[in-house]
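This briefing is for a reader new to the structure.

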Amino acid sequence: MPTIVPLPGIVAIYGNSGWLNQAGRAAGLPPATFLYGLGGVLIGHVFFNLPLAVRLMLPAWQSVPGEIWRTAAQLGMGGGAIFRLIEWPLLRQVIPGIAGLIFMLCFASFAVVLTLGGGPAATTIEVAIYQALRFDFDPGRAVLLALVQLALCALFVGLGQALIRIAPLGPSVQRPAERPDVEAPLGRLGDGAAILLALLFVALPLASVLIAGLSGISGVSLALPALWRAALRSLVIALLAALLAGLLGGALAATSRALRLRHSRPGLAAAMEVAGGLVLVVSPLALGAGLFLLLAPLTDVFALAPALVILLNGVMALPYVMRLFGPALAEEAERHDRLCASLGMAGWDRWRLAAWPVLRRPVGLALGLAAALATGDLGIIALFGTQDSQTLPLLLYQQMASYRLDAAAVTGLLLLGLCLGLFWVFERGVGGRA
């Protein structure tokens, strides 16, 4: 989801005049003033990264074969034993990588901290880099802060990789089976409460954005050519960036799998996996600025704006693609390598009959994430974009800066719909149904 879209919704829920404070006043409670500061920064980052963490952890549960659930039922295993013996060995494979990914996203966060930080007390290195370049005109200090950011992120990536332990599942015929602890009344109550709280936390700011966007449609003409040109340009950039991220991420993940499982080179495989995630250590604006300085003496950078935006968005989506492709490719090799070798199955036949049924859901999710991220990018297009290469996020930013709030609400709603639509099309169209 584009960072710029739901932030007004978060303010509308948790702000001084937000829905939460209005409900508190009606109940006779004092107003809460925690939004602008560390509290608001935490709320904003949890809002953005909670759904991402869930979607990245979900394949760990989906990879449990039905035979294991049937065996757990036959042994009379309870919820605690199921978690300790079945779920935790799988989750510990993915949690360090996901935690490292979210850490780097939050560590390099800019828009959330700038909007909800409330001043220097809640600033971050990324905002300090921005202030050093934009207000203090101190490139030396900005470079020093960027190096500190790079070193800390690299340290945490290394720690995350060291904590990963691979637990092979072994071959399975993949007959579906229900886990034995889903019928317990207490478990159902806890599951329902957790899902309801998470739904309210994520849905209320989106509902505020939706209400504001629908309310603004009556006063804004939807026939504006600039709006639809920007939407079409965002769509093309998203599709091409997702394709580029899928090709690059698939190549890196497949090479890492071959090094780890077929050539017994786990160290080199881990280094390649880390390389795929290093782009998150450097902010998109820093990468874009470096590319700008590299190409400016050679050509008209602004004439290449669409191609550069596609390239940088494809590269920035690599960590998500790698996190989803890697476990799926390892699972497919673990289950099918010996069987396919004994059957003499290779090439297209292996891809169609053995690999694609295992890979299609992670591939669909990865392409959907990459397309949604590229659709909502503001930083890269703000650096390279012109009036002739305007996208929906850039148009939305310009409308908000000129206080055309009704038009901005409509543009934000269209941008949100385009991101969610692309994600759904890829996840269902490529990933298929369960």
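Ala12, Ile13 and Tyr14 in helix α1 meet Trp19, Leu20 and Asn21 in helix α2; contact means heavy atoms within 4.5 Å. Helices (H or I, at least four residues) and strands (E, at least two) are DSSP runs, numbered from the N terminus. This is a predicted model, in which local features need pLDDT of at least 70 and side-chain atom pairs count only at pLDDT 80 or more, while totals for chains, interfaces and linings use all residues. Residues are numbered from 1 along each chain as its sequence is written, and side-chain values use heavy atoms, with hydrogens and water left out.

**Helices α1 and α2**

- The residues of the contact of α1 with α2 divide into five nonpolar, one polar and no charged. Ala, Val, Leu, Ile, Met, Phe, Trp, Tyr, Cys and Pro count as nonpolar, Asp, Glu, Lys and Arg as charged, and the others, Gly among them, as polar.
- Helix α1 covers residues 7–14 and helix α2 residues 19–26; they pack at an angle of about 10°, with their axes 3 Å apart. That makes α1 roughly parallel to α2, a label for angles under 35 degrees, against over 145 for roughly antiparallel, 65 to 115 for roughly perpendicular and oblique for the rest.
- Axes are lines fitted to C-alpha atoms, for helices over the stretch in contact, and angles run from 0 to 180 degrees between N-to-C directions.

**The chain as a whole**

- The secondary structure of the chain comes to 18 helices and zero strands.
- Of the 434 residues in the chain, 41% are buried. Buried means under 20% relative accessible area, exposed over 50%, and partly exposed in between (1.4 Å probe, protein chains only).
- Among contacts in the chain with a separation of 6 or more, 75% are between residues 24 or more positions apart.

**Nonpolar cores**

- A nonpolar core is a set of buried Ala, Val, Leu, Ile, Met, Phe, Trp, Tyr and Cys residues joined through side-chain atoms within 4.5 Å.
- The largest nonpolar core has 65 residues, and those with the most contacts inside it are Val5, Leu56, Phe325, Leu369, Phe384 and Leu392. Helix α15 (residues 347–375) gives the most to this core, with 11 residues.
- Leucine 56 touches Ile98, Leu101, Leu324 and Leu369, not counting residues up to four places away in sequence.
- A second, separate core has 10 residues, including Ile43, Phe47, Val112 and Leu116.

- Gly66, Trp69 and Ala72 are buried in helix α4 (residues 66–74). They cover an arc of only 120° around the axis, which puts them on the same side of α4; the arc is that of the directions from the helix axis to the C-beta atoms.
- The buried residues of α4 pack against α5 (79–107).
- Glycine 76 lies in the loop between α4 and α5 and has a positive phi, near 70°. At 60% relative accessibility, glycine 76 counts as exposed.
- The C-alpha atoms of glycine 76 and aspartate 181 are separated by 9.5 Å, although the two are 105 residues apart along the chain.

**Two buried residues**

- Glutamate 427 lies in helix α18 (residues 405–430) and is buried, with a relative accessible area of 19%. Leaving aside neighbours within four places in sequence, glutamate 427 is in contact with Arg55, Gly364, Leu365 and Gly432.
- Threonine 391 lies in the loop between α16 (379–384) and α17 (392–401) and is buried, with a relative accessible area of 4%.
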